[in-house]
Amino acid sequence: MTTETSQKADGASATGSETLTITDNRTGRTYEIPIETRRSAPPSLRKIKAGEDDFGLMTYDPAYMATASCRSAITFIDGDKGILEYRGYPIEQLAEKSTYLEVAYLLVHGNLPTQSELDEWTHLVTTHTFVHENVKEFMQGFRYDAHPMGMLLASVGALSTFYPEASRIKDERPATCR
């Protein structure tokens, strides 16, 4: 491989063993695509073009069988082996030994709560479960035979108008701390 034909898809020279070498038979150019866990290769493939006006390569994965949708510290799934874990705990263990609120705490905070943390969490959740009276009126506005999925979709959208402070998703402090 020569230096004039070897380049990373982002334009820099590639080094190390954590790469994939791709030769474009249309142009004869060779690319080294980094293999990383924090960034996917498909954006790098877009740099592989037959000409300047070419859109670049894109991946195609029918049935989503070979594509990771995300990297998660919360959930691990291996469907072929029947494994589902939340924060490293097998779902069977959580289902048998933990309450709904304990698992919710685990998902949000990263660890199962102590008894005092669970008591505080339960109080916090319980005091914030009341729904605005107008939401009840909104729900009663649906026809008696309305499809439940349509009702759910409309109701979730409507909730954002009753609780506008909930849209501050980039604020690290919960809305209840203001």
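Student: Which residues make up the largest nonpolar core?

Tutor: Leu101, Ala104, Tyr105, Leu118 and Trp121, 5 residues in all. This is a predicted model, where local features need pLDDT of at least 70, side-chain atom pairs count only at pLDDT 80 or more, and totals for chains, interfaces and linings use all residues. Residues are numbered from 1 along each chain as its sequence is written, and side-chain values use heavy atoms, leaving out hydrogens and water.

Student: What makes a set of residues a nonpolar core?

Tutor: Its members are buried Ala, Val, Leu, Ile, Met, Phe, Trp, Tyr or Cys residues joined through side-chain atoms within 4.5 Å. Buried means under 20% relative accessible area (exposed is over 50%, partly exposed in between; 1.4 Å probe, protein chains only).

Student: Why are α3 and α4 called roughly perpendicular?

Tutor: Their axes, lines fitted to C-alpha atoms over the stretch in contact, with angles from 0 to 180 degrees between N-to-C directions, cross at roughly 95° and come within 10 Å. Angles of 65 to 115 degrees count as roughly perpendicular (under 35 roughly parallel, over 145 roughly antiparallel, the rest oblique), and α3 and α4 are therefore roughly perpendicular to each other.

Student: What makes β2 and β3 a pair?

Tutor: Pairing takes at least two DSSP bridges between strands; β2 (residues 19-23) and β3 have 5, in the antiparallel sense. Strands here are DSSP runs of E, at least two residues, and helices runs of H or I, at least four, numbered from the N terminus. Thr21 stands opposite Glu32 in β3.

Student: How many residues of β3 are buried?

Tutor: In β3 (residues 30-34), 5 of its 5 residues are buried, making the strand mostly covered.
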